[in-house]
Amino acid sequence: MKLYAIFANDNIAGTTHKIFKKAIQAFEDKGYQIDELNLYDKEKDIPFFHHDREYMESHPFYLENQKRFLDADALLLVFPLYWYSVPAILKAWLDMINAWAYKYEAGMYARPLHKIKKVFIIYACMQEKQHLEEKSQNPVAQQLSQTFKFIGISKIHTYVVDRVTKLNPDEITKHLEEINEFCCSCA
Ligand SMILES: Cc1cc2nc3c(=O)[nH]c(=O)nc-3n(C[C@H](O)[C@H](O)[C@H](O)COP(=O)(O)O)c2cc1C
């Protein structure tokens with residue numbers, strides 16, 4: 001099984017990076033082959049979506065990402081919540097999941113042209129999970145789940161680290177243990 005593991009934060013000294021590394025370790029222990037992409041390492045190479053097909057289809061990052069995506073059996077997304085959404089760099093990456101990944105024929109969902117069966121979404125936020133889920137209807141979880149369902153991935157597993165800036169070391173350790181468990185049990 002190949003996991004395409006995407007990290008979307010320039011801060012590699014923070015909690016989200018610890019989460020990313022812990023998740024990768026858990027999937028490696030489960031026997032997954034990992035293809036790791038830190039989007040900020042490529043920030044100068046990632047294009048915004050253009051309707052000009054010739055431009056997109058000759059863009060080196062678009063082509064590289066297409067190959068990596070189509071090689072994967074599972075996806076991991078780790079990111080900090082930015083304005084109830086994904087960081088812009090991750091949205092640019094999502095916008096590139098394009099005609100090569102699915103074929104739209106009719107109805108609610110498209111037919112997948114990829115072989116990804118599962119998506120693992122882990123994100124950190126400052127606010128409380130209860131507030132995000134009950135009072136704000138958790139827009140990021142809804143957006144990502146609709147996007148992945150549309151392209152034919154129904155197994156979507158999500159873990160949230162809330163109050164991220166207020167966590168003490170013991171609480172961070174507890175989250176990392178839970179993330180290990182989350183990855184191992186859903187893998
Ligand atoms: C531009 C920006 C927007 C943010 N928007 C939200 C938000 O909508 N909700 C929230 O709870 N936290 C928000 N945050 C806080 C980040 O989620 C938090 O700083 C991050 O998860 C910390 O992770 P790190 O220590 O690994 O960098 C925002 C932070 C930034 C920089």
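A residue is called buried here when its relative accessible area is under 20%, exposed when it is over 50%, and partly exposed in between (1.4 Å probe, protein chains only). The model is predicted, so local features need pLDDT of at least 70 and side-chain atom pairs count only at pLDDT 80 or more, while totals for chains, interfaces and linings use all residues. Residues are numbered from 1 along each chain as its sequence is written, and side-chain values use heavy atoms, with hydrogens and water left out.

With a disulfide taken as a pair of cysteine sulfur atoms within 2.5 Å, a search of the whole structure gives 0 disulfides. Cys-183 takes part in none, and the nearest cysteine sulfur, that of Cys-184, is 6.7 Å away. From the side of Cys-184, the closest cysteine sulfur is that of Cys-183, and the 6.7 Å between them is too far for a bond. Cys-183 is buried, because its relative accessibility is 0%. Cys-184, in contrast, is partly exposed at 22%.

Helices (H or I, at least four residues) and strands (E, at least two) are DSSP runs numbered from the N terminus. The axes of H1 and helix H7 (residues 169-186) come within 9 Å and cross at roughly 35°; such axes are lines fitted to C-alpha atoms, for helices over the stretch in contact, with angles running from 0 to 180 degrees between N-to-C directions. Contact here means heavy atoms within 4.5 Å. On the H1 side the residues involved include Ile-19, Ala-23 and Phe-27, and their counterparts in H7 include Leu-176, Ile-179, Cys-183 and Cys-184. By class, this contact holds 9 nonpolar, 2 polar and 2 charged residues, where Ala, Val, Leu, Ile, Met, Phe, Trp, Tyr, Cys and Pro count as nonpolar, Asp, Glu, Lys and Arg as charged, and the others, Gly among them, as polar.

Aromatic rings come next. Rings of Phe, Tyr and Trp (its six-membered ring) pair if their centres lie within 6.5 Å, and planes under 30 degrees apart count as stacked, over 60 as edge-to-face and the rest as tilted. The count by this rule is 12 aromatic pairs. One of them joins Phe-7 and Phe-20, which are stacked because their ring centres are 5.0 Å apart and their planes lie at 25°. Phe-7 belongs to strand E1 (residues 2-7) and Phe-20 to helix H1 (residues 15-29), so the pair ties together parts 13 residues apart in sequence. Phe-7 is buried at 0% relative accessibility, and Phe-20 is buried at 1%.

Tyr-104 and Phe-150 are also stacked, at 5.9 Å centre to centre and 20° between the planes. This pair links distant parts of the chain, 46 residues apart: Tyr-104 sits in the loop between strand E4 (102-103) and strand E5 (111-112), and Phe-150 in helix H6 (residues 139-150). Tyr-104 is partly exposed at 42%, as is Phe-150 at 26%. Elsewhere, Tyr-4, Tyr-62, Phe-69, Trp-93 and Trp-100 form one aromatic cluster.

Tyr-84, in the loop between strand E3 (74-80) and helix H4 (88-95), has a positive phi near 65° without being a glycine.
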